Amino acid sequence: MDCVDARQDIAPGLFGALDDADRSALAEHLERCGACLAEHAELAEVLPFLELAQFSEPSEAPVPYPRAPDPRRAVEAVRAEAARFPNGTRG
């Protein structure tokens with residue numbers, strides 16, 4: 001087994017999804033390859049946290065989008081502001 005095959009088998013191995021031959025080949029590879037062993041150890045540390053995650057079904061409700069600004073209200077606001085300062089000066 002080379003590193004490419006080993007890395008593909010690390011996660012299934014940790015989940016117990018490898019057959020005996022693949023599990024044995026992975027174990028042999030990990031004994032002689034420090035890089036793959038480190039990746040195996042790193043993933044093994046993360047797996048317990050997956051058990052803590054709570055997965056739920058996606059909601060049937062659509063995700064609301066923010067409403068687009070109403071151009072009429074913007075124009076009205078500008079006109080009202082202009083009416084407050086008829087000479088164009090503020091203050």
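Visitor: How exposed is Arg 84, exposed or buried?
Guide: In this predicted model, Arg 84 has a relative accessibility of 58% and therefore counts as exposed, where exposed means over 50% relative accessible area, buried means under 20%, and partly exposed lies in between, with a 1.4 Å probe and protein chains only.

Visitor: And which side chain does Arg 84 meet in a salt bridge?
Guide: The side chain of Arg 84 meets that of Glu 81, at 3.3 Å from N to O; a salt bridge here is a side-chain nitrogen of Lys or Arg within 4 Å of a carboxyl oxygen of Asp or Glu. Glu 81, at 25% relative accessibility, counts as partly exposed.

Visitor: Where do Glu 81 and Arg 84 sit?
Guide: They are three residues apart in helix H4 (residues 71-84), so about one helical turn separates them. An α-helix has 3.6 residues a turn, so residues three or four places apart point the same way.

Visitor: How many salt bridges are there in the whole structure?
Guide: A search of the whole structure gives three. Another of them joins Asp 20 and Arg 23, whose closest N and O atoms are 2.1 Å apart, and both residues lie in helix H2 (residues 20-32), three residues apart, or about one turn. Asp 20 counts as exposed at 55% relative accessibility, whereas Arg 23 is partly exposed at 42%.

Visitor: Which salt bridge links distant parts of the chain?
Guide: That is the pair of Glu 39 and Arg 7, with the closest N and O atoms 2.8 Å apart. Glu 39 belongs to helix H3 and Arg 7 to helix H1, and the two are 32 residues apart. Glu 39 is partly exposed, with a relative accessible area of 34%, and Arg 7 is partly exposed as well, at 39%.

Visitor: Changing topic, what elements make up the protein chain?
Guide: Running from the N terminus, the order is α-α-α-α, which comes to four helices and zero strands; helices (H or I, at least four residues) and strands (E, at least two) are DSSP runs, numbered from the N terminus. Of the 91 residues in the protein chain, 11% are buried.

Visitor: Back to H1, which of its residues are buried?
Guide: The buried residues of H1 are Ala 6, Asp 9 and Ile 10. Seen down the axis of H1, they fall within an arc of 135°, so they line one face of the helix, the arc being that of the directions from the helix axis to the C-beta atoms. On the other side of H1, Val 4 and Gln 8 are exposed.

Visitor: What follows H1?
Guide: Gly 16 follows H1, and its phi is positive, near 75°.

Visitor: Which residues form the nonpolar patch on the surface?
Guide: Phe 15, Val 46 and Leu 50 form it, with about 300 Å² of accessible area together. Patches are made of residues with over 30% relative accessible area and no salt bridge, with like charges joined within 9 Å and nonpolar side chains (Val, Leu, Ile, Met, Phe, Trp, Tyr) within 5 Å, and accessible areas come from the Shrake-Rupley method with a 1.4 Å probe, where for residues only the protein chains shown count as cover. Val 46 lies in helix H3 (residues 34-52) and is partly exposed at 43% relative accessible area.

Visitor: What should I keep in mind about the numbering and the model?
Guide: Residues are numbered from 1 along each chain as its sequence is written, and side-chain values use heavy atoms, leaving out hydrogens and water. Because the model is predicted, local features need pLDDT of at least 70 and side-chain atom pairs count only at pLDDT 80 or more, while totals for chains, interfaces and linings use all residues.
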